[in-house]
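Here are a few exercises to work through with the coordinates open beside you. Try each task before reading its solution.

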Amino acid sequence: MTVTPVQPTVAPAVADLETIVSLSKRRGFIFPSSEIYGGINAVWDYGPLGVELKNNVKRAWWRAMVQEREDIVGLDAGILMHPQVWVTSGHVGSFSDPLVECATCQRRYRLDELPGAEGLSQTDQRDPDIIERTGLRCPNDGGPLSPPRRFDLMFKSHMGPVEEDAAIVYLRPETAQGSYVNFKNVQQSTRKKLPFGIAQIGKSFRNEISPGNFVFRTREFEQMEMQYFVRPEEAADIFEAWLPRRWDWYTKYGVDPTRLRFREHAADELAHYAKKAIDIEYRFPFGWKELEGIHNRGDFDLGNHARASGENLTYFDPATNESFIPFIVETAAGGDRAPFTFLIDAYREDEVRGEKRVVLRLHPELAPYKVAVLPLLKKRPEIVQLARRIRADLAQDVMAVYDDTAAIGKLYRRQDEIGTPWCVTVDVESLEDGAVTVRERDSMAQQRVPVEGVKRLVLDRLTAARGGAPS
Ligand code: GAP
């Protein structure tokens with residue numbers, strides 16, 4: 001497919017970062033970690049709504065990448081691996097960023113994140129004279145900066161009771177290697193034929209020099225990665241085929257396509273393992289940034305692991321009678337960056353009867369709660385009882401919440417602000433006619449539905465939103 005570097009029209013960013021950070025804290029999506037101790041830089045905790053959103057995003061990814069496909073299976077490998085894995089993979093030695101330090105305030109920066117360094121190529125970033133050539137200064141106090149040196153991004157620890165070099169282990173900086181070292185196990189136990197993939201979701205760790213922009217870049221984060229093993233001669237075409245598939249996953253779940261673009265890595269920018277890499281970028285409030293990377297890793301990983309371990313990691317193709325090391329096409333998405341993107345992109349402010357309404361237009365499958373059940377009068381025990389009964393019934397199948405802590409107008413606004421697609425209101429008439437009002441978040445349209453029909457309606461609308469047929 002053709003890769004468009006820049007989209008012609010871009011929808012204006014609806015939310016700035018502070019708005020999202022403040023909504024996240026106020027409504028329980030994301031909190032600063034260890035806040036009572038003053039927080040720890042660039043680590044965040046997901047609150048009651050955040051954990052639902054994040055789990056829903058991971059589930060939607062798993063559905064698209066594993067559940068709905070015959071050719072991809074799942075894996076959950078350990079975060080700690082044999083240290084040789086990281087030597088063989090090239091991460092020990094090559095997984096580093098250029099660090100510069102201010103001579104006066106001693107602050108440290110990632111060179112390419114400095115204001116004025118945006119256009120620097122990777123070759124520039126390795127040039128020891130780059131600071132002198134560009135005249136870059138410390139953004140904090142204007143002090144002189146050191147020449148760049150490579151800073152190792154892997155977190156190290158020690159396995160067992162002895163803190164010696166022989167006991168060093170690394171926290172994995174990507175989930176991918178777990179899939180490579182299990183290639184034979186998975187292929188033999190599932191009897192998959194090429195092309196096939198291994199998908200994983202899990203935590204990764206990088207000692208980033210300059211984390212920031214909320215959960216965009218952190219030191220502990222989740223990845224949703226899929227490694228697709230292919231015949232070498234098919235790798236280029238299969239790589240191209242994954243680009244629109246991954247793009248479509250974001251737009252299916254509501255991301256505005258005018259705020260997405262592809263960006264191909266320049267030759268000197270490619271990661272040490274990559275033959276070709278194209279990022280899906282999103283226009284965050286702080287600029288165009290990587291959302292997901294799609295990589296043709298060639299036979300770099302399996303070839304190196306085969307040589308270093310002495311294991312035979314070739315694939316035997318009975319149809320052609322050939323043995324060869326498969327190439328790998330990787331799709332590498334972020335388990336934090338994707339939910340963050342959906343959150344930003346869903347944020348809207350509109351006006352209802354002269355009042356500002358904040359609404360998260362999250363895809364129903366991603367919304368933390370699918371439905372809220374609200375009593376119109378909390379002083380009438382029969383109404384409260386019926387509302388609680390409806391909630392308990394819905395909760396057998398979906399996340400449903402009961403709320404009676406304010407007047408109905410305010411309750412609706414609160415649910416709009418956290419993206420709940422449907423509100424069910426129980427009123428005095430419900431006690432007579434056995435029907436309730438179902439209100440839709442985006443249109444605010446209301447419809448009267450018999451109590452027994454509420455769950456069916458919610459489940460059918462969820463199925464329809466997912467693009468499947470109602471059961
Ligand atoms: N296995 C290939 C790989 O790790 P990557 O482009 O370095 O590729 C893949 O990372 C994805 O992981 C990124 O697109 C991003 O969504 C997420 N990611 C990487 N570093 C991150 C960080 N420090 N904080 C949050 N997410 C990160």
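Helices (H or I, at least four residues) and strands (E, at least two) are DSSP runs, numbered from the N terminus. Keep in mind that this is a predicted model.

**Exercise 1.** Find the place of R259, and decide whether R259 is buried or exposed.

*Solution.* Start with the sequence position: R259 sits in the loop between α9 (235–252) and β11 (260–264). Next, take the relative accessible area of R259, which is 3%. Buried means under 20%, so R259 is buried. Then look at the side chain, which makes a polar contact with the side chain of D345 at 2.9 Å.

**Exercise 2.** Describe how α2 and α9 pack.

*Solution.* Two packed helices are described by the angle between their axes and the distance between the axes. For helix α2 (residues 48–67) and α9, the angle is about 145° and the axes are 11 Å apart. The crossing of this pair is right-handed. Now list the residues that make the contact: α2 supplies V57, A60, W61, A64 and M65, while α9 supplies W242, R246 and W249. Sorting the contact of α2 with α9 by class gives seven nonpolar, no polar and one charged residues.

**Exercise 3.** Which residues touch the most other members of the largest nonpolar core?

*Solution.* This core has 64 residues, and the ones to pick out are W61, W242, W249, Y250, F340 and F342. Helix α9 gives the core its largest share, eight residues. Zoom in on F342: leaving out residues up to four places away in sequence, F342 touches V57, W249, Y250, Y253, V255, L362 and L366. A second, separate core holds 22 residues, including V371, I383, V451 and L462.

**Exercise 4.** Is Q122 buried or exposed, and what does Q122 contact beyond its neighbours within four places in sequence?

*Solution.* First locate Q122, which is in helix α5 (residues 122–126). Its relative accessibility is 19%, so Q122 counts as buried. With those sequence neighbours set aside, Q122 is in contact with D268 and E269.

**Exercise 5.** Which residues of α10 are buried, and what covers them?

*Solution.* In helix α10 (residues 300–309), the buried residues include D301, L302, G303, N304, H305 and A306. Their cover includes the helices α3 (83–88), α7 (176–181) and α8 (183–190), along with the strands β10 (220–230), β13 (287–298) and β16 (327–334). To finish, step just past α10: G310 takes a positive phi of about 80°.

Methods. Residues numbered from 1 in each chain as written. Predicted model: local features only at pLDDT ≥ 70, side-chain atom pairs only at ≥ 80, totals over all residues. Heavy atoms only, no water. Buried < 20%, exposed > 50% of the residue type's maximum accessible area, 1.4 Å probe, protein only. Polar contact = N/O pair within 3.5 Å; in protein donor to acceptor, adjacent residues only side chain to side chain. Core = buried A, V, L, I, M, F, W, Y, C linked by side-chain atoms within 4.5 Å. Contact = heavy atoms within 4.5 Å. Axes fitted to C-alpha atoms, helices over the stretch in contact; angles between N-to-C directions. Left-handed = near helix turned anticlockwise from the far one by under 90°. Nonpolar A, V, L, I, M, F, W, Y, C, P; charged D, E, K, R; others polar.
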